[in-house]
Amino acid sequence: MKALILLSLFAYATSNAQAAEICSKSSPAHTVALLELYTSEGCDSCPPADKTISRLYQSTGLNSEQVIPVSLHVDYWDYLGWKDVFAKKTYTDRQRTLADLANSRTVYTPEIFIAGKELRSWRNGMADDIRRINQQAATASLRLGIEKLADNRLFFTLQGNSRQDAKLHFALLEQGLVSKIQAGENRGATLQHDFVAREWGDAYPLSAGKAASFAAQLSVPANAKRKSLSVLAFAQDKQGNILQALSLPLCDALQQ
């Protein structure tokens, strides 16, 4: 009986250790490219860009250790007859901030930024741009650890260390979202979206050369599918450069 109890305790400890390993992740030594798509369901030129992002890994052969896409739905198309349920003013504000840093007076959709810089030639392919970023040694390191999901809130830890002052941003992403559009420029279309930012947290400060750890949380939308969720974290300096990015899907234990 004693041996059976010890065996059970060992199995329990091993299971917990495996879960902890699955539910945490650290960034690699190279720079991971963050790809930001600014889009809207009210924009008839946006669905091709949405598809490009959805198929990014398949079409380029790249993975989340090389590039992390995020689709941010802006709200300035909502007045044209169709309100995008995924749109937030926060995402519009971020797009305008990136445009200001680039000394651009306009924002538009679809617009793509890679590593904080606008990429107008994305239709011609992005793999080479992404690989050039991957060749750079990371100037910040990140670690994510998902702890629990309770009362529609996801609790996790964020750790960051940057060679320069930066802000540590984080967001909740969801895959496989589908909308049937009933008005506006895309009326009658059924649109699918991936890597959609569902929630966006308030950034934490990172001081140059000082490791920092934060206890963070994000709301989980009631209609979200847990198996399709992931957490995104990235460090960005005051010039808008993305120093490092990291994503982590919810572990199996939290997908139920």
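Before the first stop, a word on strands and helices: both are DSSP runs numbered from the N terminus, with helices being H or I over at least four residues and strands being E over at least two. Two strands count as paired if DSSP finds at least two bridges between them. What you are looking at is a predicted model, where local features need pLDDT of at least 70 and side-chain atom pairs count only at pLDDT 80 or more, while totals for chains, interfaces and linings use all residues. Residues are numbered from 1 along each chain as its sequence is written, and side-chain values use heavy atoms, with hydrogens and water left out.

**Stop 1: the hairpin and its sheet**

Select β6 (residues 140-150) and β7 (residues 153-162). They run antiparallel and are joined by 10 bridges. For one of the partners, click A140 and then S162 in β7. Now go to the turn: this hairpin has 2 residues between its strands, and D151 takes a positive phi near 55 degrees.

β1 pairs with β6 over 3 bridges, and S26 stands opposite R143 in β6.

**Stop 2**

On a 1 Å grid over the protein atoms alone, a cavity is a set of points where a 1.4 Å probe fits but cannot get out; a pocket is an open set with protein on both sides within 12 Å along at least five of seven lines; and lining residues have an atom within 4 Å of a point. Grid points are joined across faces, edges and corners, and a volume is the space filled by probe spheres set on the points.

The whole structure has 1 cavity of 30 Å³ or more, and the largest cavity holds about 40 Å³. Select L37, D50, I53, S54, S71, H73, H193 and D194 to see its lining. Helix α2 gives the largest share, 3 residues.

Now zoom in on S54, which sits in helix α2 (residues 47-54). What does S54 touch, leaving out residues up to four places away in sequence? Its contacts (heavy atoms within 4.5 Å) are Q192, H193 and D194. The side chains of S54 and D194 are also joined by a polar contact of 2.6 Å. That term means a pair of N or O atoms within 3.5 Å; within protein, one must be able to donate a hydrogen and the other to accept it, and residues adjacent in sequence count only if both atoms are side-chain atoms.

**Stop 2: the largest pocket**

Finally, select R94, T97, K167, H169 and Q236, which lie nearest the centre of the largest pocket among its 15 lining residues. The volume of this pocket is about 290 Å³. Two elements, α4 (89-101) and β8 (166-174), each give two or more residues to the lining, and α4 has the largest share with 6 residues.
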